[in-house]
Amino acid sequence: MVKRAESASGGEISVQVAVLGAPIQTVLLAEGATVTDALAAAGIDTSSVCRCNGEEVSGEDVVENNDRLIITSKVKGGTL
């Protein structure tokens, strides 16, 4: 299923958003959209820990066409 961001104007980009145990969502966003914009369009908590193409990203990072965002859980550290 493809979700279109409400405010998309100008050129559009396609970004995949993946959460463990859920189907991958494809969202259409305006060029210059951020990780936060992509998560919001997919209906995912915008404070989630996220990796884009293998690298950890923050909410203000700009996404590009065909990027894949993977939502990960925060790992709580401990001692061995």
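A salt bridge is taken here as a side-chain nitrogen of Lys or Arg within 4 Å of a carboxyl oxygen of Asp or Glu. The model is predicted, and local features therefore need pLDDT of at least 70, side-chain atom pairs count only at pLDDT 80 or more, and totals for chains, interfaces and linings use all residues. Residues are numbered from 1 along each chain as its sequence is written, and side-chain values use heavy atoms, with hydrogens and water left out.

The structure contains 1 salt bridge, formed between Glu56 and Arg51 with the closest N and O atoms 4.0 Å apart. With buried defined as under 20% relative accessible area, exposed as over 50% and partly exposed as in between (1.4 Å probe, protein chains only), Glu56 is exposed at 57%, while Arg51 is partly exposed at 33%.

Searching the whole structure for disulfides, that is, pairs of cysteine sulfur atoms within 2.5 Å, gave 0. Cys50 takes part in no disulfide, the nearest cysteine sulfur being that of Cys52 at 6.8 Å. Cys50 is buried at 1% relative accessibility, and Cys52 is likewise buried, at 11%.

Strands are DSSP runs (E, at least two residues) numbered from the N terminus, and two of them pair if DSSP finds at least two bridges between them. Strand β2 (residues 12–19) pairs with strand β3 (residues 25–30) in the antiparallel sense over 6 bridges, and Glu12 has Ala30 of β3 as its bridge partner. These two strands, β2 and β3, form a hairpin with 5 residues between them, where Gly21 in the turn has a positive phi of about 85°. Strand β2 is also joined by 4 bridges to strand β6 (residues 68–72), the two running parallel, and the partner of Gln16 in β6 is Arg68.
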